[in-house]
Amino acid sequence: MIDLSMFDDTVVAIGEKYTFAGVLKEFFGEICETNYWRSEEHTQKPYLNDYMKRIIPLIDDHDSKTIDEYTYEDYRQVIQKLEDQSYSPERIVHFMRLIDAVTSMAHTKLGVVNVLWGTIFELPEIIDADEKIKELLKLKKSLTVKQEIAIYRLLTEKVDMDGEYFGVYLMLIAGLRDGEACGVDYADLKQSYGEEDFHVLLVYKTVESKEHRLVSSGKTKNADRIIPIPDPVYNFLMKRKKHIAEKLCLGEEELDAYP
């Protein structure tokens, strides 16, 4: 259990209401679990340090106002102060997520309105000191329909594509995360499931990004799943399997344990 004694000199409650720091302390374990901060060394300790040394000191009246008294503008001012300290855009986004983790938990546990819900924290501009060029950093979490179709057409032209591209194909077709795409093998592709006669892919393994280890399950408790595979996709996968078998001079049955 992580040491929370650093809160001893911090105001965590005013009357019967929690401050921002109070919500963080009271529900820190659940905040970690909700946001998958499961490593004490790599996430919990450094993130708690960011809260205590970088975020909370910049919240106006953090020791005399309760969390339900803050507005979006108050948190936006905190981000502005951090931007003025010349943190990288990636760090700024990290700080935004840390703030949102607390306001979201306050809403879940205490019914406090999450003033950040439905808002967008604008990302700072990156300034090239030499070229004096400003560019706006944008986060893109998904592709357009046209982009997905274009990628699908590109990736279904050749069965002898490099493994990296084939991983992208699996991610696109089956909705896999990158670690899951690295973890599936041909034995996970089944002719039928139960009494139904259609092809499925069993997803129950993933490759950890840092340790590069194959482990069971995935990022969330819903990671294990069974994905139906359409016949055209199945046929393409079988052509790929045959190509790999010929390349390695192996029988196709021997490839079941291959990714």
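User: Which residues lie nearest the centre of the second largest pocket?

Analyst: This is a predicted model. Start from the lining, then ask who sits at the middle. Here 17 residues line the second largest pocket. Nearest its centre lie Phe166, Leu170, Val184, Tyr186 and Pro259. Helices H7, H8 (178-183) and H9 each give two or more residues to that lining.

User: How many residues of that lining are nonpolar, polar and charged?

Analyst: The lining of the second largest pocket divides into 13 nonpolar, two polar and two charged residues. The space in this pocket is about 360 Å³.

User: How many cavities of 30 Å³ or more does a search of the whole structure find?

Analyst: One. The lining consists of Tyr169, Leu170, Ile173, Ala174, Leu201, Ile229, Val233 and Leu237. By class, that is eight nonpolar, no polar and no charged residues. H7 (163-174) gives the largest share, four residues. H9 (231-248) also supplies at least two.

User: Now charges. How many salt bridges does the structure hold?

Analyst: The structure holds 14. Take lysine 17 and aspartate 68: their closest N and O atoms are 3.1 Å apart. Lysine 17 is in strand S2 and aspartate 68 in the loop between H3 and H4, 51 residues apart. Both ends are partly exposed, lysine 17 at 45% relative accessibility and aspartate 68 at 37%.

User: Is aspartate 50 buried or exposed?

Analyst: Aspartate 50 is buried, because its relative accessible area is 4% and the cut-off for buried is under 20%. Its side chain meets that of arginine 91 in a salt bridge, 3.3 Å from N to O. Arginine 91 belongs to helix H5 and aspartate 50 to helix H3, 41 residues apart. Arginine 91 is partly exposed at 28%.

User: What does the salt bridge between aspartate 256 and lysine 241 tie together?

Analyst: The closest N and O atoms of this pair are 3.0 Å apart. Aspartate 256 lies in the segment after H9 and lysine 241 in H9, so the pair ties together parts 15 residues apart in sequence. Lysine 241 is buried at 9%, while aspartate 256 is partly exposed at 31%.

User: Why does lysine 65 have no salt bridge?

Analyst: Check the distance against the cut-off. A salt bridge needs nitrogen and carboxyl oxygen within 4 Å.

Methods: Residues are numbered from 1 along each chain as its sequence is written. This is a predicted model: local features need pLDDT of at least 70, side-chain atom pairs count only at pLDDT 80 or more; totals for chains, interfaces and linings use all residues. Side-chain values use heavy atoms; hydrogens and water are left out. On a 1 Å grid over the protein atoms alone, a cavity is a set of points where a 1.4 Å probe fits but cannot get out, and a pocket is an open set with protein on both sides within 12 Å along at least five of seven lines; lining residues have an atom within 4 Å of a point. Grid points are joined across faces, edges and corners, and a volume is the space filled by probe spheres set on the points. Ala, Val, Leu, Ile, Met, Phe, Trp, Tyr, Cys and Pro count as nonpolar, Asp, Glu, Lys and Arg as charged, and the others, Gly among them, as polar. Buried means under 20% relative accessible area, exposed over 50%, partly exposed in between (1.4 Å probe, protein chains only).
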